[in-house]
Amino acid sequence: MFNFKKVCLVLLPLLFVSQIGCTQQIPSDRPSILNPEFDKKLSQTISFTIPLMGVQELHKIQDEVYIFDTREQKEFDLSDIKGAQFLGFEDFDIQKLGDISKDSKIVLYCSIGYRSEKIGEQLVKLGYSNVYNLYGSIFEWVNQGFPVVDKAGETTRKLHTYNKAWGKWVEDNKTEKIW
């Protein structure tokens, strides 16, 4: 005989457990990027815990926000987004933010957005309330044709791509990939 109560006792916990894995919501309004495969990779890599900003939007307000690079020093030294300050990842130090008020608009980036998201989470925990992760980060920045600069502030074609595997996401043929 079919026992509804026993079936529910078995199935309900399974349904609950399956829902836990599906609770992460990928924002439907995330900034668009040029390559759908790169977008898919980003969706599998970042957790969407920090509000996103697209490269087009950052380009429009670049001089009005604090931009921080959360890559490693050797990556930053090769090239960065104009106006960015080095913040780092492994050697992150809150003192590098100086006297920036906790309600200032801060945009973080790295290669694709993973490291910048993790630093963004730390900043939010420290009370910063206007923190954004650049969606697709510096890779998408160059993919959409925006320039990067060297230590002297001069436009450069060189971009540190972390390693060869990640470098495949930099599509701009005009970019010299270094790892």
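The structure is a predicted model, in which local features need pLDDT of at least 70 and side-chain atom pairs count only at pLDDT 80 or more, while totals for chains, interfaces and linings use all residues. Residues are numbered from 1 along each chain as its sequence is written, and side-chain values use heavy atoms, with hydrogens and water left out.

Let me begin with the chain as a whole. It holds 7 helices and 9 strands; these are DSSP runs numbered from the N terminus, H or I of at least four residues for helices and E of at least two for strands. Of the 179 residues, 42% are buried, where buried means under 20% relative accessible area, exposed over 50%, and partly exposed in between, with a 1.4 Å probe and protein chains only. The accessible surface is about 10400 Å², and carbon and sulfur atoms account for 54% of that surface; the areas come from the Shrake-Rupley method with a 1.4 Å probe, and for residues only the protein chains shown count as cover. Among contacts (heavy atoms within 4.5 Å) between residues at least 6 apart in sequence, 63% join residues at least 24 apart.

I turn next to the interior. A nonpolar core is a set of buried Ala, Val, Leu, Ile, Met, Phe, Trp, Tyr and Cys residues joined through side-chain atoms within 4.5 Å. The largest such core has 30 residues, and L58, L134, F139 and W141 touch the most other members. Two or more residues come from each of helix 2 (36–45), strand 1 (52–53), helix 3 (55–61), strand 4 (106–109) and helix 6 (137–143). Helix 6 contributes the most, with 4 residues. Leaving aside residues up to four places away in sequence, F139 touches F38, S111, I112, L159, H160, T161, W166, W169 and V170. Another core, of 12 residues, lies apart from this one and includes F68, F92, L97 and L123.

Now to the strands and the helix that links two of them. Strand 5 (residues 131–134) pairs with strand 1 in the parallel sense over 2 bridges, pairing being defined as at least two bridges found by DSSP. Strand 5 also runs parallel to strand 4, joined by 3 bridges. N133 in strand 5 stands opposite L52 and also opposite L108. Strand 4, helix 5 (residues 114–125) and strand 5 make a right-handed β-α-β unit: with the strands pointing away from the viewer, the path from the first strand over the helix to the second runs clockwise.

Which residues of helix 5 are buried? They are R115, S116, E117, I119, G120 and L123, and they pack against helix 4 (73–78), strand 4, strand 5 and helix 6. After helix 5 comes G127, with a positive phi near 105 degrees.

P51 and F48 both sit in the loop between helix 2 and strand 1. P51 is partly exposed at 46% relative accessible area and touches V131, Y132 and N133, residues up to four places away in sequence not being counted. F48 is buried at 13%, and its phi is positive, near 60 degrees. Y162, in the loop between strand 8 (158–160) and helix 7 (164–167), likewise has a positive phi, of about 70 degrees, and is partly exposed at 45%. Most residues other than glycine have a negative phi.
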